[in-house]
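Subject: Structure for you to look at

Hello,

Please find the structure below. My notes on what was found come after it.

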Amino acid sequence: MDWGVPILMTGAILIVGWFFLGMQWNVHKGHRLLRWMRDGLPLLSERTTLEWVGTSLVRLRMREAKTPFREVELLLVFEPRDVPFLWLFSRWRGRRDLMIVRARLRQPPAFEGEWGNPTMWTGREILQRIIWREWENMDLAGGRLAYRGAMAPQVIEECLGDLSRCHPYIARLSVRRTEPHHLQIHVGFPMDRKISAREVFQQIRRIADRISRGSAISS
């Protein structure tokens, strides 16, 4: 008996089944997270536009964000669970579900800093792009910090401490003087710790306020 055809059919069924289950897992998780976020989003902006990009990315845009923000983009990035080999490879590379906050501030920061967690994919990526001879640098909070401006280490360490109380892991924290993004925060989904959305987004506003206050003090 030729087992080639049954083996191929079984493999195809397993791959299709995995794709369907992985896709449903991400979609279900995304909808749960969006429901959870509903109470907290008005702290950032009264109007939010939402877009699903495939089954591994949700983009929320806030064009008229509240002070201290001018504009906020919120990304929910899921592991590629619908493609088994890609999923296993990405986990080996340190990819996990992430909530990414990208923001333009009304008052640009007076300093710059890039903190990355080398065990996480977005943290490792920024650390590989930094030209280290052009930045001051130091080990900080289990990661590596490159910075310009004497106040950067203290402010970024305070921000990391705040984030660690609400999120299971932190991948990257970026503060830049120039656009498009003055502030970027890459963290694990906070709902895993059953914390309210209002508390999480209020914390993000406090971090942006702290960075903006540093700018006001510097000026």
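How many helices and strands are there in the protein chain? The chain has 5 helices and 9 strands, where helices (H or I, at least four residues) and strands (E, at least two) are DSSP runs numbered from the N terminus. Along the sequence, their pattern is α-β-β-β-α-β-β-α-β-β-α-β-β-α.

Some notes on the source: this is a predicted model, in which local features need pLDDT of at least 70, side-chain atom pairs count only at pLDDT 80 or more, and totals for chains, interfaces and linings use all residues. Residues are numbered from 1 along each chain as its sequence is written, and side-chain values use heavy atoms, with hydrogens and water left out.

Of the 219 residues in the protein chain, 49% are buried. Buried means under 20% relative accessible area, exposed over 50%, and partly exposed in between (1.4 Å probe, protein chains only).

The largest nonpolar core has 47 residues, and M37 and L76 have the most contacts inside it. Helix 5 (residues 197–218) gives the most to this core, with 7 residues. A nonpolar core is a set of buried Ala, Val, Leu, Ile, Met, Phe, Trp, Tyr and Cys residues joined through side-chain atoms within 4.5 Å. Apart from neighbours within four places in sequence, M37 is in contact (heavy atoms within 4.5 Å) with L60, L74, L76, A197 and F201. A second, separate core has 7 residues, including L75, V77, M120 and A171.

Which residue lies in helix 2 (residues 84–92)? W92 does, and W92 counts as exposed because its relative accessibility is 67%.

Regards
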